[in-house]
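Colleague: I have a few things to ask about this one. Can you put it up first?

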Amino acid sequence: QYETNLDHLLKVGIKNHNDGSLNPKAQFNVTIRQMMERRQARAEQRGETVPDWKDELDFLNDPASNPWIAWPLRLYDCAPITDGASCLLLVSADIARNFTEKPVQIAGMGQASGRPLHDAEELTSLSAAKYAAAQAYQMAGITPQDVQVAEVHDCFTIAEIIATEDLGFFEPGEGPRAVDEGRTALAGDRPINTSGGLKSKGHPVGASGVAQVIAVFHQLRGEAGLRQLADPNLEVGLTHNVGGTGGTCVVNILRRG
C-alpha cells in the first residue's frame, strides 16, 4: 500500500538489537552484527565454508540464517516469548515524594478495543491503538509531537512501524521512511524502544506492559545507563501495549516530576 519493502522490517530488528545490546536485562543483548560475526567465526572454527555476509542486511536476507516464518515475516522479525517479571510502585501523587525525590506521574491513560487484525478492514493500522492513543493524549493535554520517547508493542517488526503511525508520530506510510532516516534510533528525534523492545529485550507476555513503563520511567529519571537519551529536557514518554491479535490496546503517557 505504501511501497514499503521488507528491508524496512529488517532495519527495525537491527535497531532494536542495537538498543538491546546496551540493556543488561535483555534476553538478546547482542547486536545483529555480533550474531552474524559469531556464526562466521563458528563456521571457520569447524572448517566449514564461511558465509560471505557483508553486513546485517546481507545476513538477514539469507534464508539459511533468517528463515521465513510467515511471509512477510522472517525469524528475526519475530519477538521471542521470554521468561521474566516486572513490577512497579504505584501511589497517589500526594505521597509519591515519600518514596522518591524523582517521581514519574501518569499524565494520561487510554484503553480501547477494536477489530482484531484478522477481521480488520485494513492490515496497516489497529483501530484500538488509535482510539487508546486519542484518549491518552486528551487526558494528558498533549499531542503526539510532545512525546519524546516511546516503548511500543513490537511483537513483530512490522508492528513497531504500524504503532508509530497509529500513535501519530508519523503519517500513514511514513513510518518505514523514519526507520530509514534513523529517526527512531537512540540518536534520532523520535526514539522508539530504547530498551530493545519486545524484539530484543524479550516478551514476557503478562509482564511486558509493566516492563515498558519501567523502561520509560528510567529514561525520564536519567537512569537508563548506556541507553540513556542525551536530551537534558526529557519530560514526556509513552507506552503502547497490544493484546488480542490487535483487538485491544492500552496507551500510557508518563511525565517526569
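Predicted model: local features only at pLDDT ≥ 70, side-chain atom pairs only at ≥ 80, totals over all residues.

Colleague: Different topic. Where is K11 found?

Modeller: K11 lies in helix α1, residues 6-20. Its relative accessible area is 27%, so K11 counts as partly exposed.

Colleague: What is K11 in contact with?

Modeller: Leaving aside neighbours within four places in sequence, K11 contacts L57, V179 and D180.

Colleague: How far apart are K11 and R97 in space?

Modeller: They are 41 Å apart, C-alpha to C-alpha, and 86 residues apart in sequence.

Colleague: On to α4. Which of its residues are buried?

Modeller: In α4 the buried ones are A128, A129, A132, A133, A136, Y137 and A140. They span an arc of only 155 degrees around the axis, so they sit on the same side of α4.

Colleague: What covers them?

Modeller: The cover includes β3 (104-113), α5 (157-166), β5 (236-243) and β6 (248-256).

Colleague: Which exposed residues are on the face turned away?

Modeller: Y131 and Q138 are the exposed residues carried on that face of α4.

Colleague: What comes just after α4?

Modeller: G141 does, with a positive phi of about 70 degrees.

Conventions. Residues numbered from 1 in each chain as written. Heavy atoms only, no water. Helix = DSSP H or I, 4+ residues; strand = E, 2+ residues; numbered from the N terminus. Buried < 20%, exposed > 50% of the residue type's maximum accessible area, 1.4 Å probe, protein only. Contact = heavy atoms within 4.5 Å. Arc of directions from axis to C-beta.
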